Amino acid sequence: MAVSTDRKNRTAASSNGSERTVDQQTLIEGLNHDLAGEYQAIIMYMHYSAKLTGPYRKELRNFFQTEITDEQGHAQFLADKIATLGGEPTTEPRAVPHADEPRGMLQRLLEAEIQAITDYNERIEQAEAFGDIGLKVDLENQIADETRHKEELARILAGWSEA
Ligand SMILES: [Fe+2]
Ligand SMILES: [Fe+2]
């Protein structure tokens with residue numbers, strides 16, 4: 001098949017005909033980085049909800065367990081997308097930071113949510129450069145979830161009096 005001169009230097013073109021500046025393998029690796037973070041988040045919320053002690057155990061446990069549902073949805077979406085792109089979805093979570101006290105757990109969770117937002121912002125740029133606007137929109141929705149999680153954790157920590 002003949003390639004027109006103006007396109008001869010392009011390595012790939014997205015479905016809308018624009019140039020891809022991020023290759024498929026780079027996008028798969030990025031999404032796997034995010035998937036490892038989602039698996040970490042699931043384990044963190046689950047692990048911390050088991051270890052919770054103190055007068056706010058019941059409320060925090062309910063909150064943590066609600067978050068697990070969101071993170072599972074994010075992980076499933078990423079695993080599906082990686083497989084669709086021809087990649088192998090990772091089964092390795094990032095390491096779960098150790099915490100014994102509720103305040104420490106909340107702080108580690110807040111840091112993880114902030115990291116997820118940073119990661120998704122980077123992935124959105126890659127999805128756009130790859131020419132997958134559907135993925136960009138789905139990742140934006142996941143950022144909206146993580147932002148809600150982050151804000152709720154920050155609100156709880158803002159009024160925490162325990163040293
Ligand atoms: Fe998530
Ligand atoms: Fe989250």
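1. A quick definition before anything else: a residue is called buried if 20 or more other C-beta atoms lie within 10 Å of its own, exposed if 12 or fewer, and partly exposed in between, with C-beta atoms placed from the backbone. Take proline 97, which sits in the loop between helix 2 and helix 3. Proline 97 has 16 other C-beta atoms within 10 Å, so this residue is partly exposed. Its C-alpha atom is separated by 9.4 Å from that of glutamine 40, 57 residues away along the chain.

2. Some housekeeping on what you're looking at. This is a predicted model, in which local features need pLDDT of at least 70 and side-chain atom pairs count only at pLDDT 80 or more, while totals for chains, interfaces and linings use all residues. Residues are numbered from 1 along each chain as its sequence is written, and chains are lettered from A and ligands numbered from 1 in the order in which they are written.

3. Now the overall fold. Helices here are DSSP runs of H or I with at least four residues, strands are runs of E with at least two, and both are numbered from the N terminus. Of the 163 residues in the protein chain, 28% are buried. Two residues are in contact if their C-beta atoms, placed from the backbone, lie within 7 Å. Among contacts between residues at least 6 apart in sequence, 78% join residues at least 24 apart.

4. Next, helix 1 and helix 2. They pack at an angle of about 160°, with their axes 8 Å apart. For that kind of figure, axes are lines fitted to C-alpha atoms (for helices, over the stretch in contact), and angles run from 0 to 180 degrees between N-to-C directions. Helix 1 and helix 2 are therefore roughly antiparallel to each other; the cut-offs are under 35 degrees for roughly parallel, over 145 for roughly antiparallel, 65 to 115 for roughly perpendicular, and oblique for the rest. Helix 1 passes helix 2 in a left-handed crossing, meaning the near helix is turned anticlockwise from the far one by less than a right angle (clockwise would be right-handed). The residues of this contact divide into 15 nonpolar, five polar and six charged. Ala, Val, Leu, Ile, Met, Phe, Trp, Tyr, Cys and Pro count as nonpolar, Asp, Glu, Lys and Arg as charged, and the others, Gly among them, as polar.

5. Helix 1 (residues 24-51) also meets helix 3 (residues 102-130): their axes come within 10 Å and cross at roughly 160°. That makes helix 1 roughly antiparallel to helix 3. This crossing is left-handed, and the contact residues come to twelve nonpolar, seven polar and five charged.

6. Then there's helix 2 against helix 4, with axes that come within 11 Å and cross at roughly 160°. That makes helix 2 roughly antiparallel to helix 4, and the crossing is left-handed. On the helix 2 side you'll find Glu67, Asp70, His74, Phe77 and Lys81, which meet Leu135, Asp138, Gln142, Asp145 and His149 in helix 4. By class, this contact has two nonpolar, three polar and five charged residues.

7. Aspartate 145 deserves a click, since you can follow it across that contact. This residue lies in helix 4 and is partly exposed, with 18 other C-beta atoms within 10 Å. Leaving aside neighbours within four places in sequence, aspartate 145 is in contact with Asp70 and His74. The C-alpha atoms of aspartate 145 and aspartate 70 are separated by 7.5 Å, although the two are 75 residues apart along the chain.

8. As for helix 4 (residues 133-158) itself, its 26 residues reach 37 Å from first C-alpha to last, close to the 38 Å expected at 1.5 Å a residue. The expected span is 1.5 Å times one less than the number of residues. Which residues in helix 4 are buried? Leu135, Leu139, Gln142, Glu146, His149, Lys150 and Leu153 are, and what covers them includes helix 2 (57-84) and helix 3.

9. Helix 3 has 29 residues and reaches 41 Å, close to the 42 Å expected. Just after helix 3, glycine 131 takes a positive phi of about 90°.

10. Last, glutamine 76 in helix 2. Glutamine 76 is partly exposed, with 13 other C-beta atoms within 10 Å. Glutamine 76 and glutamate 38 are 38 residues apart in sequence and 9.3 Å apart in space, C-alpha to C-alpha.
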